[in-house]
Amino acid sequence: MSHLLITGASQLLTLRGRVPRRGKALSDLGILRNGALLIRDGVIAAVGTRSEIESLPESRSAEKIDVGGRVVLPGFADSHTHLIHAASRAEEYELKIAGASYEEIARKGGGILNSVKKLRAATADALKKRAHAALREFAAHGTTTLEAKSGYGLDVASELKILRLHKELSAEQPLEIVSTFLGAHVVPPEYRRKRAGAEQYIALLTDKLIPEVAAEKLAEFCDVFCDRGAFSRKDSKKILEAGKKSGLAPRVHAEQLTRTGATQLAVQLGAASCDHLEQVSKADIRALAKSNTVATLLPGCDFHLGLKRYAPARALIDAGAIVALATDYNPGTSPTMSMPMILSLACTQLRMSPAEAIAAATINAAYSLRREKQIGSLETGKQADIAIFEVEDYREIPYYFGVNKCWMTVKKGRPVFQKAHT
Ligand code: NIG
Ligand code: FE
């Protein structure tokens, strides 16, 4: 049996309490001052004040990490990423700065199709190497679990290649990867040229790929990009229903560039999460508030694309929706692995308080991944997934931006990142 004692936290954010967090409860971090926790075989055995925990018999023989007055919190659960892709799209970044819109670039064969071309040409080894480097960055910014979507393959072999990489990467490195099938990212080029090509591609998804992905247990969730230039609400319904039938829970890219009604569809289908939401209506907000579908906000996209319209986080929270935050790490709209940067954007652009942002990126994100019993808070019996920040007050986590204040990241009781001494 192995024991690890983490002690000397100026603030230990337990995030204990009601799950999921809605409304006022979103700012409840369950803070312990001068906190400590004891870990037994990767699982939290006790949480309390330094004196309580240090006086436990098991603590005497435990390996000890004194965090010297830093802030300890649950590792971030990044519930929306497009982890596997072959390359950046820096050339499009420059075009966007010069005034081209995301949709214009996509219409000219750039955008998602640009990444599809590059991914199909890449070897599994090259993709894996790039993903490993990204995962080290996620860990270095305090993330301990992340969701990863396919969606840059868009043919049977390439989509399966991505999903198999999710599995291999989970086995080869410490962060947990939750796999989502996003074959419905856009209609691939070879189907665009055909008459009724879109219907044929949707049939490929519903009749072949989804059942195969489910049978091979390559994903837990099925996602659709429901937007102008991607999939309509009607097509999205077909695809998500096929996913459900095969046991893949729905997640949806909804109301990002235009309002399509995807949010209402997500709620009707009991989706785990409904993501983006820049263009939601008041009725959409009400529907989310009454549901258990998580509203996952991705302010990194609007920041990177230079857009002014962010999702109405305050209205969503005040109405009682379950709000989560994620990076949306991807080469086209949000090339960041930094959840702390997302917290900074959530505070200044979404007007969320630092406490709300932290709860959204931990316990509510864990709920959207259906892992709230294992992760998302620091409580006895939960996985010891922990981030330690080089600050004295949790509000300094979003307050500092563009610098990495993460000091240590612990996954299942094992340090997986430690800041070099400066
Ligand atoms: O979440 N909106 C769709 N998917 C991604 C963007 C993908 C891309 O541009 O490569 C997103 O923003
Ligand atoms: Fe996305």
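Are Y191 and Y201 buried or exposed? Y191 is buried, and Y201 is buried as well. The legends below describe this pair and other sites in a predicted model.

**Figure 1. Aromatic pairs F76–F389 and Y191–Y201.** The whole structure contains 4 aromatic pairs. One of them joins F76 and F389 in an edge-to-face arrangement, with 6.1 Å from centre to centre and 65 degrees between the planes. This pair links distant parts of the chain, F76 being in strand β6 and F389 in strand β14 (residues 386-389), 313 residues apart. F76 has a relative accessible area of 0% and is therefore buried. F389 is likewise buried, because its relative accessible area is 0%. Y191 and Y201 form a tilted pair, with centres 5.3 Å apart and planes at 55 degrees. Y191 belongs to helix α8 (residues 189-192) and Y201 to helix α9, so the pair ties together parts that are 10 residues apart in sequence.

Figure 2. H253 and D328 link distant parts of the chain, 75 residues apart. H253 is in strand β10 (residues 249-254), whereas D328 is in the loop between β13 (322-325) and α15 (339-348). H253 counts as buried because its relative accessibility is 3%. D328 has a relative accessible area of 2%, so D328 is buried too.

**Figure 3. Surroundings of R89.** R89 is placed in the loop between β6 (76-78) and α3 (90-97). Its relative accessibility is 3%, so R89 counts as buried. The side chains of R89 and S115 are joined by a polar contact of 2.6 Å. A polar atom of the R89 side chain also lies 3.3 Å from the backbone oxygen of G111. Apart from neighbours within four places in sequence, the residues in contact with R89 are Y102, G111, I112, N114, S115, Y152, P331 and G332.

**Figure 4. Surroundings of R70.** R70 is found in the loop between β4 (63-66) and β5 (71-74). With a relative accessibility of 19%, R70 counts as buried, because the limit for this class is under 20%. When residues up to four places away in sequence are not counted, R70 touches G8, A9, S10, Q11, I388, F389, E390, V391 and W407. Among these contacts is F389, a member of the edge-to-face pair with F76.

**Figure 5. Helix α10 and its buried side.** Helix α10 (residues 233-245) consists of 13 residues. From its first C-alpha to its last, α10 reaches 18 Å, close to the 18 Å expected at 1.5 Å a residue. The buried residues of α10 include S236, I239, L240, A242 and G243. These residues are on the same side of α10, because they cover an arc of only 155 degrees around the axis. An α-helix has 3.6 residues a turn, so residues three or four places apart point the same way. K234 and K245 are exposed on the other side of α10. The elements against which the buried residues of α10 pack are β8 (176-184), α9 (197-215), β9 (221-225), β10 and α11 (262-268).

Key:
Residues are numbered from 1 along each chain as its sequence is written. Chains are lettered from A and ligands numbered from 1 in the order in which they are written. This is a predicted model: local features need pLDDT of at least 70, side-chain atom pairs count only at pLDDT 80 or more; totals for chains, interfaces and linings use all residues. Side-chain values use heavy atoms; hydrogens and water are left out. Helices (H or I, at least four residues) and strands (E, at least two) are DSSP runs, numbered from the N terminus. Buried means under 20% relative accessible area, exposed over 50%, partly exposed in between (1.4 Å probe, protein chains only). A polar contact is a pair of N or O atoms within 3.5 Å; within protein, one must be able to donate a hydrogen and the other to accept it, and residues adjacent in sequence count only if both atoms are side-chain atoms. Contact means heavy atoms within 4.5 Å. The expected span of a helix is 1.5 Å times one less than its number of residues. The arc is that of the directions from the helix axis to the C-beta atoms. Rings of Phe, Tyr and Trp (its six-membered ring) pair if their centres lie within 6.5 Å; planes under 30 degrees apart count as stacked, over 60 as edge-to-face and the rest as tilted.
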